[in-house]
Amino acid sequence: MTNKTNSPQQVEQGEPGKLDRRTAVKAGVLAAIGLGTGALFRGLTSVAGAGEPAAPPAAGKADGTPDPAVGELVRADVGGYRGKDGAERVAVASTCMQCIAACGIIGYRENGHIAKIEGNPHCPNNRGMVCAKSQAGLNQVYDPDRLLHPLVRVGKRGEGKWKRLSMDKALDLVAFGGTIAGGEVEGLKSIYESGPETFMFHYGRSRIKNAQNHFQKTAFGSGTQGNHTSICETAKWLGNEVTMGKHYDVNDVAHSKYVLIFGANILEAHTGHSYIAQRLIEAKAAGAKIVTFDVRLSNTAAKTSEWVPILPGTDLAVILAMTNIVLNEQPYGRPLYDETFINKWTNVTVDQLRKHYARYTPEWAETESGIPAETIRRIGLEYGASKPATIVTYRGFVGHYNGAQAEWAAKTLDAVAGNFNVKGGTNVKFGGKSKDAYNDIVAKENKSATRKAKKLKIADGDNLHLPTHHSCQWIYEMIADGSHGRPNLYMTYVYNGAYTTGDCERNREILCNQEYFPFVVAVDVAMSESAECADLILPDATYLERWAIESAASFAMFPFLQIRQPVAPPLGEAMDMQDIFIQLAQRIGGDMAVLHPYGTAEEYIQASIELQAADNAKRNKTFYTSETKPLQTDAWAYFKKYGVLLQATGPIYHAQEKKLKDTDVAGKVVDDKTGVIWDPHKAHVSDEDVQTKGYTGSKKAYTGYVGQMVDGVAYKGFKPDKINKSGLFEIHSEFMKAGADKVMADIKGFLNPDEGWVAQHLAEGLPSWVPVPEHRKRTTDQLIMISFKVNVQIHSRSQNCKWLQEIYHNNPAWINPVTARRLLGADIKEGDLIRVRVDMVELPWRKGKGVTQARDITARIHLTEGVHPDVIAVSYHCGHWAYGRYASGRQVATELSGAGADAEQIWWQQRRAAAKDPKQWSEITGVHPNWIIPNIPARVSGQFRSNDTVVSVSRVS
Amino acid sequence: MVATALRLLASIFQREADRPLLEYIKAHRQELLTSFGLDPLEGLDGYDLDEAVDALAAEYCRIFVGPVGHLPPVESVVLGEGRFWGPSTETVVNFYVTRGISLPEGSGLLPDHLSVELDCLAILEERGHHQDAKAFAGEHPLRWLTDLIAHVKARATSAFYPAFIEAAQGLLTARYGG
């Protein structure tokens, strides 16, 4: 071990405080240079008159509570906190962003740094509780490999040679272009003037959508934008949009008597993770039955009442069969379906449904899913009889070719059983609403400065049916193809697209190609496998250092707002992306500057809240405190202090039943065909189109939706989003029906001879069976590879967190021991090394594109009966090489190994070398399954099919 | 004189060298060689000044900034605490606080960055608080400079940063060691 205390050299000793000769010479030479340069570093401030060592500052009040500054919580607000070693510790309410759940947090700042994170007890969602990931948020801020300064490439793209730039110079480079590594790049100002659509903004979990849309679309005029939704839930959102209108559903599990979970690991990784998890446990304690259909015994499955292993991609078959049961069986002498809801709020009749679903018997579903018919019947009956009940679905359920159809079917089952928009059932999302200061003030008062955004058509894949949330994993292929144009400036924001989607090798090949991407700017907190391909990297402020208004889906069942505010100022030159937008707009000047009048992100966020408060006053509404009392004080001050602003005082159910006032419908149009009340003017639809095309046929008519006529009464209904559906709960979907031909073209070659009925069913526009094509060609020695998340990691943005990596840093492949012995030999044992090889079936719609070059990975085997025998399960999270020391397991300074007490405990000390090839297993960092998952989108939704890959396994000799 | 010297070293490690700095170093090259036995411009003779500035910017990044294989010149990281703002940072901050020295909030600087610690020593020198400076140097920069030097030497492709990090250690040892 290295001795950390250097041995002082023998020096000539002089009188204390006086310079000895040798020191004087050394210092004199350096001083001469320093005085000459004239720009010496001064970072510290020396208080005049100070000097002698002083006593430490007082710890605050006698109880250890410091006096709070404005906007800071006090002991009574947060249940107590302590100073450490006499240091002042202040509490700042904010919002977590380790995962998408956005829990309310309290960040404790001590001596200028963040010392601890706890849950905010005032937040209605998480009620003071947070998970391990949230508490490890400190690691994001203090990651020693974090990007603190802009970096510009000085070598070839991807070569890893950089130099630091000041933030000013870096922003100039983005705005005005210039020379990078000997080549010229075009800046935003030039693009703004010549072809704004060639500025592409591609974001990961940004949570600043208003500001980014204002900058890029409204002000700059580019709609060329990519997101990351199809990695997670594009198919789910489409299934929701065609039925209930909005894209996000909330399962009110706290009040459910029966919870059916399909492919959703909600105790570990749900989009509402910590707060749906605590409510599920409360429901279980209150006697609810919870059944989990999953290919894997996740911690969720283990904690629920019953785990039903299911073959990947066949959940749809089980749900169709359960719907059949609910429609037809009456075990207690009464229907299990809700005829009132069906007749009033859907666009079908019970008879129509019975006829369509008759084919989907439990016995048929058994042949597809492998689940015994009796189990399907029993659970279907239990679900139908236990009201209220709810069906929870997520990525394990929708990350398939048939994901959108499955979600459509799940929503239908909830609706048929009378479990929709009811207490304890499945509800349309409630989220808080805030005015957006850019939209409300700036754009409206400066309309002439705004632009109608143009875009390159590269985000929606190639010949997909309804990619309402795009197909992000296919964007690089679209850019390589070039038929729809290429971006001149590609800016990523906290998006590691080359590694978080499939075909990683192909992604990097495209992203590093300067012909495809002339100028790549990455804005991120830390280096990534994608940022390696950038020309310029800007350091982003972490979520604990920046501003936003959050409106997470409310599992409290009423709307509220949350603040995200800096717990501490950004380190280094890191900058809030919203401030970067302001800085860039000011550089571009003209209308861009006019449309960005706020000096900082904080000013913009404050203006938004103050506008909402003013709007409340105008409408005779109010914010409420966390104790559900009308807010009597300044909204901004309360928001900063407590972190939340409530917009209702209690749960809201039956939201669609809200009757509209006469003033709501005055001057609006009722569409004859659908009964939709709408405002064509708001939707920018001409009178002629209103007459000739009507609501459903007019472009983006849904943006003018007001309500729905039902039996002569105007209701709020199920408000549409993204498509022109009615305000009914549409079980029959013309939108899904319209994609039937494309689906049939894909799957017809994979159907059995006796499955001619599949085409007919699809054409009926009701939820129908669609098999995953590749799975039909699977042989008995092939497995289906699925991926999953664990409770201490986020998909791809937590591996720089030391505390989390210490807990979970490699990811053995789960295989059932019976399967392992059959395919790999009777002597296969836990921990043996295996090769997982993708066996790509030729799919008719692939047309030779998206064929990954990396065809296999290696992994350690984990033998467990907690996985379906036809499955190999490999988690996400692992296998990074460019994401800092913790994610990559690479020592930055070998001479420091074992240096500090903490360093000795780091997992990689035992085995020093990280893998050289990230496709191969590493004990330190595992391996990522994305290398061999094809990016081919699901045809209907554009979903990344993370759970469809057919593979073979073999031993590594 | 010592304070100015410390601030020069702080400037060198705070960010990459600029043209004026290189010009002055060039002018004092022989004196540096005589005083420290170090030639920071060794290996840069083939470059003109602008090229040297560019080369040193890449070198600074490679050694201290990253994004890969670097080691920030920050006490908590070099001491193996595995993070910015580790326990040693808190000790440093407490020292500043008790001496009426502060890091302006929002400056983005880390209190235990080598530059800031050298700046602290400069302030103490200006105050004439030699014993205080000696205590701080012994408990902080002199505890970790050797390891930083090893890293700098391992990563450097020119003599510039190894020379100045050794000069820093030489000056601090001469002034505060023993």
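This dialogue explains how to read several features of a predicted model.

Me: What conventions apply to the numbering and to the values?

Reply: Residues are numbered from 1 along each chain as its sequence is written, and chains are lettered from A, with ligands numbered from 1, in the order in which they are written. In this predicted model local features need pLDDT of at least 70, side-chain atom pairs count only at pLDDT 80 or more, and totals for chains, interfaces and linings use all residues, while side-chain values use heavy atoms, leaving out hydrogens and water.

Me: How many residues of helix α18 of chain A are buried?

Reply: Helices are DSSP runs (H or I, at least four residues), strands likewise (E, at least two), numbered from the N terminus. Buried means under 20% relative accessible area, with a 1.4 Å probe and protein chains only. In α18(A), residues 403-416, 14 of 14 residues are buried. A:Gly418, with a positive phi near 80 degrees, follows α18(A).

Me: Which parts of the chain does the pair of A:Phe201 and A:Tyr493 link?

Reply: Rings of Phe, Tyr and Trp (its six-membered ring) pair if their centres lie within 6.5 Å; planes under 30 degrees apart count as stacked, over 60 as edge-to-face and the rest as tilted. The count is 47 aromatic pairs over all chains. A:Phe201 and A:Tyr493 are stacked, 6.2 Å centre to centre with 25 degrees between the planes. The pair links strand β9, holding A:Phe201, to strand β17, holding A:Tyr493, 292 residues apart. Both A:Phe201 and A:Tyr493 are buried.

Me: Where does the charged end of A:Arg296 sit?

Reply: A charge sits over a ring if NZ of Lys or CZ of Arg is within 6 Å of the ring centre and within 35 degrees of the ring normal. The charged end of A:Arg296 lies over the ring of A:Phe788, 3.6 Å from its centre.

Note on methods:
The expected span of a helix is 1.5 Å times one less than its number of residues. Buried means under 20% relative accessible area, exposed over 50%, partly exposed in between (1.4 Å probe, protein chains only).
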